[in-house]
Amino acid sequence: MPLRAVAAHLRLGPMPWLLALAVTALGMSLLLPAGHRLVELCGRLSLAQLADPAARALLLPAPGLLAGGWVLMVLAMMPPLVSAPLAHLWQTTAHAGRWAVVAPFASGYLAVWSLAGLVLVPLALLLASGPAALPLLLGAALVWSASPTGQAARNRCHRMRWLPAGRVRAARAALYYGLAHGGACLGACWPWMLVPLAVQGGHGAAMVLVAVFLLVERAMPAAPALWRVPPGIVALYGLAPSRSRHLTGLRRF
């Protein structure tokens, strides 16, 4: 089941374009000037310094550079996760109106993640530093994925909406759809976005690994909102060779 679910997700029509966008954004984020990369700034400020405008101005780059770094990180990790709703919109909209609904959907989705950066970036600046940061943030992300709240958010990510007739009404509904899907995706993934920021060396590789985990997790079907082994681990376990599965001692659901 995990293998079929992941393979079906990868065969969705927009996936090659979304992967190209993610790779481009990843490359751009790694090419940012030294001292302006978001990962290099994490852990440099205390709570008092973060609340002090003078300290922020002295220790941090311009807000626009921080926002740009966050948006590039989102674009490097999140695009493959919207392949299913984009494929749904593309297939259920007349040829002439496809971009008129895809653009508002993408704008709404990106707006949610951009606004989330107002909370997640300061949180990363405070928490993502020191030898204990990575295991603590990774553990918190795994607990969130295992929780009923995390599963409920993933279930909302699987909801598809049918748009009304009429170009203006369809565009407005697509915007609301993008906002709703972005909110669900944020609810499912927000702790995972902090994990790569705790990896000073190999930040790009950490972004790729987390993005792959989230994609595999998203490919799993909806399930009751209960405590469970994180679906990403279940899926990766299902993709592992049978000998490896035997050695792990895990059991399938």
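Residues are numbered from 1 along each chain as its sequence is written, and side-chain values use heavy atoms, leaving out hydrogens and water. Because the model is predicted, local features need pLDDT of at least 70 and side-chain atom pairs count only at pLDDT 80 or more, while totals for chains, interfaces and linings use all residues.

Let's start with helix α8 (residues 98–127), where Leu118 is found. Helices here are DSSP runs (H or I) of at least four residues, numbered from the N terminus. Leu118 has a relative accessible area of 63% and is therefore exposed (exposed is over 50%, buried under 20%, partly exposed in between, with a 1.4 Å probe and protein chains only).

Two packed helices are described by the angle between their axes and the distance between the axes.

| Helix pair | Axes come within | Crossing angle |
|---|---|---|
| α8 and α11 (residues 167–194) | 6 Å | roughly 30 degrees |
| α7 (residues 83–92) and α8 | 9 Å | roughly 155 degrees |

Axes are lines fitted to C-alpha atoms over the stretch in contact, with angles from 0 to 180 degrees between N-to-C directions. The α8 helix is thus roughly parallel to α11, whereas α7 and α8 are roughly antiparallel (under 35 degrees is roughly parallel, over 145 roughly antiparallel, 65 to 115 roughly perpendicular, the rest oblique).

Finally, Pro221 is found in the loop between α12 (203–219) and α13 (231–239). Pro221 is partly exposed, at 43% relative accessibility. Its C-alpha atom is separated by 9.2 Å from that of Pro231, ten residues apart along the chain.

Technical notes:
Helices (H or I, at least four residues) and strands (E, at least two) are DSSP runs, numbered from the N terminus.
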